[in-house]
Amino acid sequence: MNQSAHQFFRHRNYRLLLLITEIVVLYLAAAALTGFNSSAWLATDKGIIWLAQNFIPNANSLQYMPDILAQLWQTFLIAVAAASCAAVIAVVLGMLGAQNVGLSKWKVGWLIRGFASVMRNIPIVAWAMILLFSFKQNELTGFLALLFMNIGFLTRAFLETFEDFDVKKMEAIQTTGATYTTSVVQAMLPETAVPLIEWLLYMIENNIRDATLVGLLTGTGIGFIFDLYFKSLQYGAAGMVVVSIAVLVIFLEISSNRIGRLIR
Amino acid sequence: MLAVNELSKSYDQEAMSLKDISMEIEKGEITVIIGPSGAGKTTLLRSLNQLIKDDQGEILIDGLDVRTLNRSKMRQMRRKIGMVFQNYNLIEPLTVLENVLHGTLGGKPTLLGILSIYSDKEQQEALALIKEMGLEEFAFKQCKDLSGGQKQRVGIARALMKHPQIILCDEPVASLDPKSATLVMDILRSLAIEKKMTIVVTLHQVELAKEYADHIIGLRAGSVVFDGPSSALDVAAIRTIYD
Ligand SMILES: Nc1ncnc2c1ncn2[C@@H]1O[C@H](COP(=O)(O)OP(=O)(O)OP(=O)(O)O)[C@@H](O)[C@H]1O
Ligand SMILES: [Mg+2]
């Protein structure tokens, strides 16, 4: 018994060693292939010191706060709007796509799955650049970019949540003579409401992070103002933008945890 | 009221779960189906409202064979039959009132059902039923916060919402303590006596069956081995069912 436990751990240690070796080899191979100079690591401290000296907001950058807050608010609203619209669409698509309830016939489920995967896996920056062609630089472009990505993401998330639902719970409603669709909606939606809301809150958080990047391209919201300060060399103010985004995201994370606990 | 003729069912082509079952169930009576585990009680009960489709035989409700109904006729038939489950089968995050109102969904077009649109009359009726079940103070509480006995009474109220003629109960008291079990059985008895409903119950406890049943059907390995009034269920009859 003891002997085999000993063997088990020795075996495990070998495997760990092997894994570490593999990672090191992969890093070296990747560095060699891309011509990445590993001595660049030595210069990171200088870079960080420069960042700290220039980007730490000082008293002077406080004067930008009203502008930053206004843009942050606008960004927040767009993030919420995009996630909420996407959630409504995703609930319908998710219900049609879920295999267990089988609301849709034929292969519609696979079609929805594929559609969602494509929408989700197009990077948000690519969405923004594509949409820029037709909608130019304005808020709608940013909203649409977030919306499309959110539809893909939430459809996948909702669909999988629905597939975890035990269809036996619908039985009682079906025995009242209710139609199949009614039974699905009345039984499954209340039973899965908590995870659905949690996904929605996560999506809003994520949208605010993404909105920075999208705003850089579409010239709106918090991304725009960051770009503005940055290009006019007001690094302190730009740092302030970064800090306020982080604060907002952390705040949202805390409140969505709270909400999550409340609705459980 | 309800007649079954030579009903047979097998889940896997080999073992027969129901073998040539024939029985008559009278209006306004409590019929209790007893039998050892695996005897086919659940299978028989669920065949009655076609939650399980059977292989052969006839199930006549008011002279109509439920096995031949199309989908919309099936919905109509199901509205006449309430069902009560061992594990209550409530939508737990919803309130007592909402769960009871689910009983009206059978009579609604899909759109109204999806949007949970209930008339004032339906809401009043649901509240009255909740009161009748002694759950007044819980009407707006989530079902997940209720005790087992309370949940089962919500289940009964939901079944009553559609004014059924028949109520099927699969082990309605198997998860309850004796006091809650008696309460639930008393409610079923009063429904049979006062509202002339036809009640079919499967039970594990022979004592409860003898106490509450007008009519007892004993199943063993998929066949009817006893069929008579509860006074006829003597020790010998119990032996043939269980040993
Ligand atoms: N879904 C199913 N698939 C295959 N066989 C089944 C299925 N449900 C029941 N059976 C079989 O049918 C027979 C009757 O089962 P049933 O559940 O009707 O018995 P029961 O009398 O209700 O038992 P219990 O008292 O344990 O609830 C059993 O042999 C069981 O193994
Ligand atoms: Mg059973």
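Modeller: In this predicted model, helix H6 of chain B, residues 148-160, packs against helix H7 of chain B, residues 178-195, at an angle of about 15°. An angle under 35 degrees counts as roughly parallel, and H6(B) and H7(B) are therefore roughly parallel to each other. The axes of H6(B) and H7(B) are 9 Å apart, and the crossing of H6(B) and H7(B) is right-handed.

The contact can be read residue by residue. On the side of H6(B), the residues that take part are B:Gly149, B:Gln152, B:Arg153, B:Ile156 and B:Leu160. They meet B:Ser180, B:Leu183, B:Val184, B:Ile187, B:Leu188 and B:Leu191 of H7(B).

Another residue of helix H6 of chain B is B:Gln150. B:Gln150 has a relative accessible area of 16%. Buried means under 20%, so B:Gln150 is buried. If neighbours within four places in sequence are left aside, B:Gln150 is in contact with B:Leu135 and B:Phe138.

Now the chain that holds this pair. Chain B contains nine helices and ten strands. Its 243 residues would give a compact globule a radius of gyration near 18 Å, and the value for chain B, 18 Å, agrees with that. Along the principal axes, the C-alpha atoms of chain B fill a box of roughly 50 × 40 × 30 Å. Of the 243 residues in chain B, 53% are buried. Among the contacts in chain B with a separation of 6 or more, 67% are between residues 24 or more positions apart.

Chain A can be described in the same terms. Chain A has ten helices and zero strands, and along the sequence its pattern reads α-α-α-α-α-α-α-α-α-α. For 264 residues the globule rule gives 18 Å, but the radius of gyration of chain A is 25 Å, well over that, so chain A is more spread out than a compact globule. The C-alpha atoms of chain A fill a box of roughly 70 × 65 × 40 Å along the principal axes. In chain A, 41% of the 264 residues count as buried. Of the contacts in chain A between residues at least 6 apart in sequence, 75% join residues at least 24 apart.

Terms used:
Residues numbered from 1 in each chain as written. Chains lettered and ligands numbered in written order. Predicted model: local features only at pLDDT ≥ 70, side-chain atom pairs only at ≥ 80, totals over all residues. Heavy atoms only, no water. Axes fitted to C-alpha atoms, helices over the stretch in contact; angles between N-to-C directions. Helix = DSSP H or I, 4+ residues; strand = E, 2+ residues; numbered from the N terminus. Parallel < 35°, antiparallel > 145°, perpendicular 65-115°, else oblique. Left-handed = near helix turned anticlockwise from the far one by under 90°. Contact = heavy atoms within 4.5 Å. Rg over C-alpha atoms; globule rule 2.2 N^0.38 Å. Buried < 20%, exposed > 50% of the residue type's maximum accessible area, 1.4 Å probe, protein only.
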